[in-house]
Amino acid sequence: MTNTQILTLAEIEDLALRALVAAGTSEANARPLAIATAATEADGVASHGLAYVPIYCEHVLCGKVDGQAMPQVSVPRPGVVVVDAATGFAHPAIDAGFERLMPLAKEQGIAALAIRNSYNCGVLGYHTYRLAQAGLLGLGFTNAPASIAPSGGAKPVVGTNPFSIAAPGPNGAPTILIDQSASTIAKSEVMKHAREGKPIPEGWALAPDGTPTTDPEIGLKGSMAPSGGYKGVGIALLTELMAAAMTGATLGINASPFSGTMGGPPKTGQFFVAVDPGVTSGGAFGDRLAALAAAIHAQEGAHLPGDGRRAKRACAASEGVAVSVATLSRINALLAAPRA
């Protein structure tokens with residue numbers, strides 16, 4: 001069993017912030033990433049939480065990410081916001097874009113945000129959740145370095161490419177939060193198993209020759225298994241169109257890895273659509289959504305996407321989060337390392 005230590009969400013945020021700043025990230029850029037790290041741990045998505053902070057720091061130090069970048073925001077059309085992340089972290093770029101996106105969507109009924117020259121945005125649902133909290137239906141896409149082969153092929157051409165949708169409910173709490181990648185499992189989970197020296201379940205990844213493997217190291221050299229076969233490939237292509245082609249970001253086939261130090265900035269992208277559901281539905285959205293949720297919750301054992309995260313967040317806020325001691329050791333080593 002992995003040794004763990006209980007930390008409060010405030011402690012997690014502070015630890016992530018200090019590590020990022022120590023690596024050369026400005027506090028303005030580190031703060032939104034640290035906040036997201038704590039929220040991710042609260043959601044129970046440990047693979048994208050503190051475990052990723054050493055990778056973020058490594059990428060600042062090696063130049064894959066510009067920790068001092070200043071996102072550039074423009075509004076080329078009334079309903080379109082564009083952000084050049086300037087090879088910095090995605091989180092401050094998304095924050096800057098959301099500041100313009102949310103009021104535009106409420107004013108016009110719908111608005112889009114395109115982000116280019118970006119980086120790994122962590123848990124995509126964290127960002128669409130924020131749109132739902134503002135009373136907007138949020139739809140998000142983010143592309144990643146190629147790791148999924150096309151149908152009938154064996155060489156990766158698209159990333160695990162998640163999409164997310166968050167539907168606003170009463171009191172600003174999203175009623176539905178869908179956040180899923182085009183692969184059977186997120187690549188970060190395979191990376192986590194590799195770090196811990198654990199085998200992966202069959203069906204998560206494929207060897208370079210396209211055969212199933214339970215060795216995470218071999219899977220990382222091969223390709224991720226698409227969810228639902230050709231249907232998963234279709235989702236990956238949809239997301240590639242939205243997050244890369246529609247934003248002018250780098251295609252997954254040309255993006256440097258989100259892990260390791262090889263290559264320069266990945267320059268991937270994100271695309272968000274925010275909709276005022278009251279406008280499009282003539283005011284009926286809330287009732288329709290409530291009826292749908294009630295029909296699902298009425299079935300014994302049935303649940304909506306996002307139900308589990310809400311419960312975990314409430315528990316984490318009161319009881320803290322169990323964090324891997326190995327992860328804490330890596331971060332503390334980063335904090336203790338001398339800087340030039």
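Let's start inside the protein, at Leu50: setting aside its neighbours within four places in sequence, Leu50 is in contact (heavy atoms within 4.5 Å) with Leu7, Ile12, Leu15, Ala16, Thr37, Glu41, Val323, Thr327, Leu328 and Ile331. The model is a predicted one, where local features need pLDDT of at least 70, side-chain atom pairs count only at pLDDT 80 or more, and totals for chains, interfaces and linings use all residues. Residues are numbered from 1 along each chain as its sequence is written, and side-chain values use heavy atoms, with hydrogens and water left out.

Leu50 also belongs to the largest nonpolar core, which has 32 residues; Leu50, Val53, Tyr56 and Phe89 touch the most other members. A nonpolar core here is a set of buried Ala, Val, Leu, Ile, Met, Phe, Trp, Tyr and Cys residues joined through side-chain atoms within 4.5 Å. At least two residues of this core come from each of α1 (9-22), α2, α3 (53-62), β12 (321-324) and α12 (325-336), and α1 supplies the largest share, six residues. Helices (H or I, at least four residues) and strands (E, at least two) are DSSP runs, numbered from the N terminus. A second, separate core has 20 residues, including Val83, Ala85, Ala111 and Cys121.

Cys121 leads us to the cysteines. Cys121 is buried, with a relative accessible area of 2%, while Cys62 is partly exposed at 36%; buried means under 20% relative accessible area, exposed over 50%, and partly exposed in between (1.4 Å probe, protein chains only). The structure holds zero disulfides, a disulfide being a pair of cysteine sulfur atoms within 2.5 Å. For both Cys62 and Cys121, the closest cysteine sulfur is in Cys57. That sulfur is too far for a bond because it lies 11 Å from the sulfur of Cys62 and 18 Å from the sulfur of Cys121.

Now for His48, in the loop between α2 and α3. His48 is buried, with a relative accessible area of 15%. Beyond its neighbours within four places in sequence, His48 is in contact with Thr40, Tyr56, Gly122, Val123, Ala186 and Ser188.
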